[in-house]
Amino acid sequence: MKKGVILSGMRPTGSLHLGNYFGALENWVKLQNEYECYFTIVDWHALTTGYEDTSDIKNNITEMIIDWLSAGLDPEKCKIFIQSHIKEHAELHLLFSMSTPLSWLLRCPTYKDQLNQMKDRNITTYGFLGYPCLQAADILVYKADTVPVGEDQIPHVELTREIARRFNFLFKEVFPEPQSKLTKAKVLPGLDGRKMSKSYNNYIALSDSPDEIRKKASLMITDPARIRKDDPGHPEVCAVFAFHKVFNEGEVPEIEESCRGGKIGCVACKKNLANKMVEYMTPIYERRQDILTKPQMLREIVANGGEAARKVAAKTMEEVREAMKIDW
Ligand code: TRP
Ligand code: SF4
(Lines give C-alpha, C1' and ligand atoms only; values in the text may rest on other atoms or scores of the structure.)
(Ligands and ions follow the chains in the order given, each with its own letter.)
Protein backbone atom coordinates (compact mmCIF):
# COMPACT_ATOMS: atom_id res chain seq x y z
CA MET A 1 0.00 0.00 0.00
CA LYS A 2 1.19 3.51 -0.79
CA LYS A 3 2.26 5.45 2.26
CA GLY A 4 0.51 8.68 3.20
CA VAL A 5 2.46 11.87 2.61
CA ILE A 6 3.24 14.20 5.48
CA LEU A 7 4.57 17.71 5.37
CA SER A 8 5.26 19.79 8.42
CA GLY A 9 7.43 22.77 9.15
CA MET A 10 8.80 24.99 11.86
CA ARG A 11 9.85 28.57 11.75
CA PRO A 12 13.55 28.91 12.55
CA THR A 13 13.26 30.15 16.12
CA GLY A 14 16.57 28.66 17.25
CA SER A 15 17.09 25.87 19.75
CA LEU A 16 14.03 24.06 21.03
CA HIS A 17 12.92 23.43 24.59
CA LEU A 18 11.11 20.38 25.87
CA GLY A 19 7.73 22.03 25.42
CA ASN A 20 8.47 22.43 21.69
CA TYR A 21 9.81 18.90 21.55
CA PHE A 22 6.74 17.27 23.06
CA GLY A 23 4.49 19.58 21.03
CA ALA A 24 5.77 18.36 17.67
CA LEU A 25 9.19 16.82 17.21
CA GLU A 26 8.66 13.74 19.37
CA ASN A 27 5.66 12.95 17.19
CA TRP A 28 7.55 13.57 13.92
CA VAL A 29 10.18 11.05 14.98
CA LYS A 30 7.46 8.39 15.17
CA LEU A 31 5.70 9.49 11.99
CA GLN A 32 8.84 9.16 9.88
CA ASN A 33 8.43 5.38 10.17
CA GLU A 34 4.85 5.35 8.94
CA TYR A 35 4.62 8.06 6.27
CA GLU A 36 6.60 9.57 3.46
CA CYS A 37 7.71 12.67 5.40
CA TYR A 38 8.84 16.13 4.38
CA PHE A 39 10.10 18.27 7.26
CA THR A 40 11.07 21.81 6.43
CA ILE A 41 12.50 24.83 8.19
CA VAL A 42 10.38 27.68 6.88
CA ASP A 43 12.77 30.61 6.69
CA TRP A 44 10.50 32.61 4.38
CA HIS A 45 7.75 32.35 6.98
CA ALA A 46 10.18 33.81 9.52
CA LEU A 47 10.32 36.93 7.35
CA THR A 48 6.56 37.48 7.53
CA THR A 49 6.96 38.83 11.05
CA GLY A 50 10.73 39.31 11.28
CA TYR A 51 11.76 40.98 8.03
CA GLU A 52 13.31 43.97 9.78
CA ASP A 53 16.04 42.06 11.56
CA THR A 54 17.23 38.92 9.85
CA SER A 55 20.53 38.66 11.71
CA ASP A 56 19.60 35.50 13.65
CA ILE A 57 18.01 33.44 10.91
CA LYS A 58 21.07 31.51 9.78
CA ASN A 59 22.16 30.53 13.27
CA ASN A 60 18.62 29.66 14.20
CA ILE A 61 18.38 27.31 11.23
CA THR A 62 21.61 25.57 12.18
CA GLU A 63 20.47 25.10 15.75
CA MET A 64 17.14 23.79 14.63
CA ILE A 65 18.64 21.21 12.31
CA ILE A 66 20.92 20.01 15.09
CA ASP A 67 17.90 19.70 17.40
CA TRP A 68 15.91 17.78 14.81
CA LEU A 69 18.70 15.30 14.22
CA SER A 70 19.45 14.92 17.93
CA ALA A 71 15.80 14.20 18.59
CA GLY A 72 16.02 11.33 16.15
CA LEU A 73 14.81 12.56 12.78
CA ASP A 74 16.65 10.29 10.42
CA PRO A 75 17.60 11.62 6.97
CA GLU A 76 17.39 8.04 5.68
CA LYS A 77 13.71 8.01 6.60
CA CYS A 78 12.52 11.57 5.98
CA LYS A 79 13.42 14.55 3.86
CA ILE A 80 14.86 17.44 5.85
CA PHE A 81 15.25 20.73 3.98
CA ILE A 82 15.05 24.50 4.05
CA GLN A 83 11.98 26.11 2.50
CA SER A 84 13.92 28.84 0.64
CA HIS A 85 16.06 26.20 -1.11
CA ILE A 86 13.01 24.98 -3.01
CA LYS A 87 11.91 27.88 -5.23
CA GLU A 88 8.79 25.96 -6.26
CA HIS A 89 7.21 26.94 -2.92
CA ALA A 90 7.49 30.57 -4.00
CA GLU A 91 6.06 29.96 -7.44
CA LEU A 92 3.08 28.07 -6.10
CA HIS A 93 2.56 30.73 -3.45
CA LEU A 94 2.45 33.36 -6.20
CA LEU A 95 -0.08 31.40 -8.24
CA PHE A 96 -2.27 30.73 -5.18
CA SER A 97 -2.13 34.42 -4.32
CA MET A 98 -3.93 35.14 -7.59
CA SER A 99 -6.96 33.04 -6.75
CA THR A 100 -7.21 33.34 -2.97
CA PRO A 101 -9.89 35.85 -1.95
CA LEU A 102 -8.65 38.55 0.41
CA SER A 103 -11.58 37.83 2.73
CA TRP A 104 -10.27 34.30 3.45
CA LEU A 105 -6.95 35.75 4.63
CA LEU A 106 -8.46 38.66 6.53
CA ARG A 107 -10.71 36.43 8.60
CA CYS A 108 -7.98 33.95 9.53
CA PRO A 109 -7.86 33.95 13.36
CA THR A 110 -4.05 33.85 13.51
CA TYR A 111 -3.91 36.99 11.36
CA LYS A 112 -6.07 38.99 13.73
CA ASP A 113 -4.40 37.62 16.87
CA GLN A 114 -0.88 38.36 15.71
CA LEU A 115 -1.74 41.85 14.51
CA ASN A 116 -3.02 42.56 18.01
CA GLN A 117 -0.11 40.89 19.79
CA MET A 118 2.80 42.26 17.76
CA LYS A 119 2.10 45.93 18.24
CA ASP A 120 5.84 46.61 18.41
CA ARG A 121 6.41 45.49 14.80
CA ASN A 122 4.93 46.70 11.56
CA ILE A 123 3.35 43.56 10.19
CA THR A 124 0.63 45.25 8.20
CA THR A 125 2.36 43.87 5.13
CA TYR A 126 1.37 41.97 2.03
CA GLY A 127 3.62 39.07 3.02
CA PHE A 128 2.17 38.68 6.49
CA LEU A 129 -1.39 38.62 5.23
CA GLY A 130 -0.34 35.93 2.75
CA TYR A 131 1.25 33.71 5.42
CA PRO A 132 -1.40 30.96 5.10
CA CYS A 133 -1.14 31.07 1.33
CA LEU A 134 2.59 30.32 1.56
CA GLN A 135 1.86 27.57 4.05
CA ALA A 136 -0.68 26.07 1.62
CA ALA A 137 2.04 26.08 -1.05
CA ASP A 138 4.46 24.29 1.34
CA ILE A 139 1.92 21.55 1.88
CA LEU A 140 0.40 21.20 -1.57
CA VAL A 141 3.59 21.33 -3.61
CA TYR A 142 4.27 17.82 -2.23
CA LYS A 143 0.59 16.84 -2.47
CA ALA A 144 0.75 16.04 1.23
CA ASP A 145 -2.43 14.49 2.58
CA THR A 146 -1.57 14.76 6.27
CA VAL A 147 -0.23 17.71 8.24
CA PRO A 148 0.80 17.09 11.86
CA VAL A 149 0.26 20.36 13.71
CA GLY A 150 -0.71 21.86 17.03
CA GLU A 151 -4.16 23.29 17.66
CA ASP A 152 -3.15 26.83 16.66
CA GLN A 153 -2.38 25.72 13.10
CA ILE A 154 -5.73 24.09 12.33
CA PRO A 155 -7.16 27.21 10.63
CA HIS A 156 -4.16 27.22 8.29
CA VAL A 157 -4.72 23.63 7.24
CA GLU A 158 -8.42 24.38 6.77
CA LEU A 159 -7.46 27.29 4.51
CA THR A 160 -5.08 24.99 2.64
CA ARG A 161 -7.99 22.69 1.88
CA GLU A 162 -10.05 25.61 0.62
CA ILE A 163 -7.20 26.78 -1.60
CA ALA A 164 -6.76 23.25 -2.99
CA ARG A 165 -10.48 22.90 -3.61
CA ARG A 166 -10.64 26.20 -5.43
CA PHE A 167 -7.69 25.33 -7.62
CA ASN A 168 -9.14 21.90 -8.46
CA PHE A 169 -12.47 23.50 -9.31
CA LEU A 170 -11.07 26.36 -11.41
CA PHE A 171 -8.43 24.40 -13.33
CA LYS A 172 -8.00 20.67 -12.84
CA GLU A 173 -7.90 18.04 -10.07
CA VAL A 174 -4.26 18.42 -9.10
CA PHE A 175 -4.28 18.60 -5.32
CA PRO A 176 -5.51 16.38 -2.49
CA GLU A 177 -7.34 18.08 0.37
CA PRO A 178 -4.97 17.55 3.29
CA GLN A 179 -6.13 16.78 6.82
CA SER A 180 -4.53 18.04 9.99
CA LYS A 181 -3.30 15.44 12.39
CA LEU A 182 -3.52 16.99 15.82
CA THR A 183 -0.54 16.20 18.01
CA LYS A 184 -1.80 14.88 21.33
CA ALA A 185 -0.22 17.55 23.43
CA LYS A 186 1.62 16.19 26.44
CA VAL A 187 1.34 18.98 28.91
CA LEU A 188 4.72 19.98 30.19
CA PRO A 189 4.72 23.19 32.21
CA GLY A 190 7.80 25.27 32.83
CA LEU A 191 10.06 24.70 35.84
CA ASP A 192 8.05 27.31 37.75
CA GLY A 193 4.64 25.93 36.79
CA ARG A 194 3.86 28.62 34.21
CA LYS A 195 3.86 27.81 30.49
CA MET A 196 7.32 26.66 29.39
CA SER A 197 8.84 29.50 27.43
CA LYS A 198 12.23 30.89 26.52
CA SER A 199 11.15 34.37 27.59
CA TYR A 200 10.28 33.18 31.12
CA ASN A 201 13.61 31.37 31.34
CA ASN A 202 11.80 28.41 32.91
CA TYR A 203 12.68 25.80 30.32
CA ILE A 204 14.77 22.72 29.79
CA ALA A 205 16.47 22.85 26.41
CA LEU A 206 16.67 19.79 24.23
CA SER A 207 20.42 20.43 24.28
CA ASP A 208 20.80 20.46 28.08
CA SER A 209 23.41 18.09 29.46
CA PRO A 210 22.58 15.50 32.13
CA ASP A 211 24.17 17.79 34.76
CA GLU A 212 22.06 20.74 33.65
CA ILE A 213 18.94 18.60 33.70
CA ARG A 214 19.64 17.45 37.27
CA LYS A 215 20.30 21.00 38.38
CA LYS A 216 17.13 22.34 36.78
CA ALA A 217 15.04 19.49 38.20
CA SER A 218 16.28 20.36 41.68
CA LEU A 219 15.14 23.96 41.21
CA MET A 220 11.59 23.12 40.16
CA ILE A 221 8.63 24.59 42.01
CA THR A 222 6.61 22.10 44.05
CA ASP A 223 3.45 22.37 46.12
CA PRO A 224 4.01 25.51 48.22
CA ALA A 225 1.81 24.05 51.00
CA ARG A 226 4.44 21.42 51.74
CA ILE A 227 6.92 22.73 54.24
CA ARG A 228 7.79 19.58 56.10
CA LYS A 229 8.21 16.19 54.52
CA ASP A 230 5.07 14.78 56.17
CA ASP A 231 2.78 17.65 55.14
CA PRO A 232 0.12 16.27 52.77
CA GLY A 233 0.85 17.40 49.19
CA HIS A 234 -1.29 18.42 46.23
CA PRO A 235 0.36 16.92 43.16
CA GLU A 236 -2.08 18.67 40.82
CA VAL A 237 -0.40 22.02 41.54
CA CYS A 238 3.14 20.68 41.33
CA ALA A 239 5.31 21.05 38.22
CA VAL A 240 7.41 18.04 39.26
CA PHE A 241 4.32 15.87 39.22
CA ALA A 242 3.37 17.10 35.74
CA PHE A 243 6.84 16.07 34.59
CA HIS A 244 6.47 12.62 36.18
CA LYS A 245 3.37 12.13 34.03
CA VAL A 246 5.51 12.58 30.93
CA PHE A 247 8.80 10.95 31.92
CA ASN A 248 7.75 8.43 34.54
CA GLU A 249 4.23 7.31 33.71
CA GLY A 250 4.55 3.95 35.43
CA GLU A 251 5.14 5.40 38.89
CA VAL A 252 2.51 8.15 38.72
CA PRO A 253 -0.19 6.45 40.87
CA GLU A 254 2.36 5.58 43.54
CA ILE A 255 3.85 9.09 43.60
CA GLU A 256 0.42 10.66 43.75
CA GLU A 257 -0.54 8.55 46.74
CA SER A 258 2.68 9.06 48.67
CA CYS A 259 2.60 12.79 47.98
CA ARG A 260 -0.98 13.15 49.21
CA GLY A 261 -0.18 11.04 52.27
CA GLY A 262 2.95 13.03 53.10
CA LYS A 263 5.05 9.91 52.69
CA ILE A 264 7.72 11.20 50.29
CA GLY A 265 9.76 14.33 50.40
CA CYS A 266 10.00 16.69 47.46
CA VAL A 267 13.78 16.39 47.29
CA ALA A 268 13.58 12.63 46.77
CA CYS A 269 10.69 13.03 44.36
CA LYS A 270 12.76 15.46 42.25
CA LYS A 271 15.79 13.17 42.31
CA ASN A 272 13.65 10.33 41.05
CA LEU A 273 12.35 12.57 38.25
CA ALA A 274 15.84 13.77 37.34
CA ASN A 275 16.98 10.17 36.91
CA LYS A 276 14.07 9.40 34.60
CA MET A 277 14.65 12.54 32.56
CA VAL A 278 18.35 11.90 32.20
CA GLU A 279 17.59 8.36 31.10
CA TYR A 280 15.18 9.64 28.45
CA MET A 281 17.37 12.48 27.25
CA THR A 282 20.79 10.83 27.24
CA PRO A 283 20.42 9.35 23.75
CA ILE A 284 19.38 12.79 22.48
CA TYR A 285 22.39 14.36 24.19
CA GLU A 286 24.76 11.74 22.82
CA ARG A 287 23.51 12.12 19.26
CA ARG A 288 24.08 15.86 19.59
CA GLN A 289 27.68 15.40 20.76
CA ASP A 290 28.27 13.15 17.76
CA ILE A 291 26.70 15.63 15.31
CA LEU A 292 28.77 18.49 16.74
CA THR A 293 31.95 16.67 15.71
CA LYS A 294 30.74 16.56 12.07
CA PRO A 295 29.36 19.98 11.19
CA GLN A 296 29.82 19.38 7.43
CA MET A 297 27.22 16.60 7.73
CA LEU A 298 24.45 19.16 8.22
CA ARG A 299 25.06 20.66 4.77
CA GLU A 300 24.96 17.23 3.16
CA ILE A 301 21.76 16.22 4.88
CA VAL A 302 19.98 19.41 3.90
CA ALA A 303 21.33 19.25 0.33
CA ASN A 304 20.14 15.66 -0.10
CA GLY A 305 16.77 16.31 1.52
CA GLY A 306 16.35 19.39 -0.65
CA GLU A 307 17.23 17.54 -3.82
CA ALA A 308 14.67 14.84 -3.17
CA ALA A 309 12.03 17.43 -2.24
CA ARG A 310 12.78 19.53 -5.33
CA LYS A 311 12.14 16.60 -7.68
CA VAL A 312 8.65 16.13 -6.29
CA ALA A 313 7.93 19.86 -6.17
CA ALA A 314 9.13 20.37 -9.75
CA LYS A 315 6.80 17.65 -10.99
CA THR A 316 3.82 19.18 -9.21
CA MET A 317 4.63 22.57 -10.69
CA GLU A 318 4.63 21.13 -14.19
CA GLU A 319 1.12 19.85 -13.58
CA VAL A 320 0.09 23.18 -12.09
CA ARG A 321 1.42 25.24 -15.00
CA GLU A 322 -0.22 22.92 -17.45
CA ALA A 323 -3.54 23.04 -15.59
CA MET A 324 -3.41 26.84 -15.52
CA LYS A 325 -2.12 27.06 -19.09
CA ILE A 326 0.92 29.02 -17.91
CA ASP A 327 3.18 26.68 -19.88
CA TRP A 328 3.68 28.31 -23.25
N1 TRP B 1 2.83 28.04 10.45
C2 TRP B 1 3.57 26.97 11.07
C3 TRP B 1 3.89 27.37 12.51
O4 TRP B 1 3.96 28.54 12.81
C5 TRP B 1 4.83 26.67 10.34
C6 TRP B 1 4.57 26.12 8.98
C7 TRP B 1 4.87 26.71 7.78
C8 TRP B 1 3.98 24.87 8.68
N9 TRP B 1 4.51 25.90 6.76
C10 TRP B 1 3.95 24.78 7.27
C11 TRP B 1 3.44 23.85 9.48
C12 TRP B 1 3.36 23.69 6.64
C13 TRP B 1 2.87 22.76 8.83
C14 TRP B 1 2.83 22.69 7.44
O15 TRP B 1 4.12 26.51 13.32
FE1 SF4 C 1 5.50 17.55 43.93
FE2 SF4 C 1 6.65 15.22 44.44
FE3 SF4 C 1 6.71 17.19 46.26
FE4 SF4 C 1 4.45 15.94 45.73
S5 SF4 C 1 6.27 15.03 46.61
S6 SF4 C 1 4.70 18.15 45.93
S7 SF4 C 1 4.64 15.52 43.54
S8 SF4 C 1 7.68 17.20 44.27
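Predicted model: local features only at pLDDT ≥ 70, side-chain atom pairs only at ≥ 80, totals over all residues.
Trainee: What makes domain 1 and domain 2 separate units here?

Mentor: The domain assignment of the protein gives domain 1 as 5-187 + 294-324 and domain 2 as 208-289. Their centres, taken over C-alpha atoms, are separated by 35 Å. The contact draws 12 residues from domain 1 and 9 residues from domain 2.

Trainee: Why is the pairing of Asp-67 and Arg-288 called a salt bridge?

Mentor: The N to O distance between the side chains of Asp-67 and Arg-288 is 2.4 Å. The rule asks for a side-chain nitrogen of Lys or Arg within 4 Å of a carboxyl oxygen of Asp or Glu, so the pair qualifies. Across the interface of domain 1 and domain 2, the rule finds 1 salt bridge.

Trainee: How many residue pairs are in polar contact across the interface of domain 1 and domain 2?

Mentor: There are 3 such residue pairs, with both residues at pLDDT 80 or more. On the side of domain 1 that touches domain 2, the elements giving two or more residues are α1 (18-31) and α3 (57-71). Of these, α3 gives the most, with 5 residues. By class, that side of domain 1 has 7 nonpolar, 2 polar and 3 charged residues.

Trainee: What area do domain 1 and domain 2 bury between them, and on which atoms?

Mentor: Domain 1 and domain 2 bury about 800 Å² between them, with 61% of it on carbon and sulfur atoms. Leu-18, Phe-22 and Ser-70 supply 51% of the area that domain 1 buries against domain 2, more than any other three residues.

Key. Residues numbered from 1 in each chain as written. Chains lettered and ligands numbered in written order. Heavy atoms only, no water. Domains from an automatic or database assignment. Contact = heavy atoms within 4.5 Å. Buried area = accessible area lost by both parts, 1.4 Å probe. Polar contact = N/O pair within 3.5 Å; in protein donor to acceptor, adjacent residues only side chain to side chain. Helix = DSSP H or I, 4+ residues; strand = E, 2+ residues; numbered from the N terminus. Nonpolar A, V, L, I, M, F, W, Y, C, P; charged D, E, K, R; others polar.
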